[in-house]
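Take a look at the sequence and the 3D view below. Then read on for a short report.

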Amino acid sequence: MSRGKNEQIIASSLGNLAFTLSKFAMDICLYMSQNFDFISFPEELTTGSSIMPHKKNPDVFELIRSYCNRIKALPNEIMLMTTNLPSGYHRDLQLLKEHLFPAFGQLKNCIEMASL
């Protein structure tokens, strides 16, 4: 009867890490904005704007924020996929792997990008 429980626990752990990283990325984007201008990054980690060439866009952190927000939704997705299943094995559980396994690589990439 535990099918799907382990996946949900793992997804929650990934979601917790993603939550912290997403919050960090949002703070970076906010504090790099012209309103704050509290931090800056070298040109290798930012891109310019076609309208305002002097502006530095924190593209890496915007992508980290988005990937992590998608990972944060994973526990809810797994819960909804397993909610009305009776005990035993069902092919429905194969679909969990399509979402859970890639999340490991995505979170690892986000951590590596943030470490720059």
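Which residues are buried in α1? The model is predicted, and in it Glu7, Ala11, Leu14, Gly15, Ala18, Leu21, Ser22, Ala25, Ile28, Cys29 and Met32 of α1 are buried. Their cover includes β2 (56-57), α2 (59-72), α3 (74-82) and α4 (94-115). An α-helix has 3.6 residues a turn, so residues three or four places apart point the same way.

Now check the length of the helix. Helix α1 covers residues 5-32, which is 28 residues. At 1.5 Å a residue, α1 should span 40 Å. Its end C-alpha atoms are 40 Å apart, so the two values agree.

Glu7 lies in helix α1. Glu7 counts as buried because its relative accessibility is 16%, and the cut-off is under 20%. Leaving out residues up to four places away in sequence, Glu7 touches Ile78, Leu96, Lys97 and Leu100.

Met26 is also found in helix α1, but Met26 is partly exposed. Together with Leu30, Tyr31, Phe36 and Phe38, Met26 makes a nonpolar surface patch of about 490 Å².

Last, the cysteines. The structure holds 0 disulfides. Cys68 is in none, and its nearest cysteine sulfur, that of Cys110, is 4.1 Å away.

| Residue | Relative accessible area | Class |
|---|---|---|
| Glu7 | 16% | buried |
| Met26 | 34% | partly exposed |
| Cys68 | 0% | buried |
| Cys110 | 1% | buried |

Note on methods
Residues numbered from 1 in each chain as written. Predicted model: local features only at pLDDT ≥ 70, side-chain atom pairs only at ≥ 80, totals over all residues. Heavy atoms only, no water. Helix = DSSP H or I, 4+ residues; strand = E, 2+ residues; numbered from the N terminus. Expected span 1.5 Å × (residues − 1). Buried < 20%, exposed > 50% of the residue type's maximum accessible area, 1.4 Å probe, protein only. Contact = heavy atoms within 4.5 Å. Patch = residues over 30% accessible without salt bridge, like charges linked within 9 Å, V, L, I, M, F, W, Y side chains within 5 Å. Areas by Shrake-Rupley, 256 points an atom, 1.4 Å probe, with all protein chains shown as cover. Salt bridge = Lys/Arg side-chain N within 4 Å of Asp/Glu carboxyl O. Disulfide = S-S within 2.5 Å.
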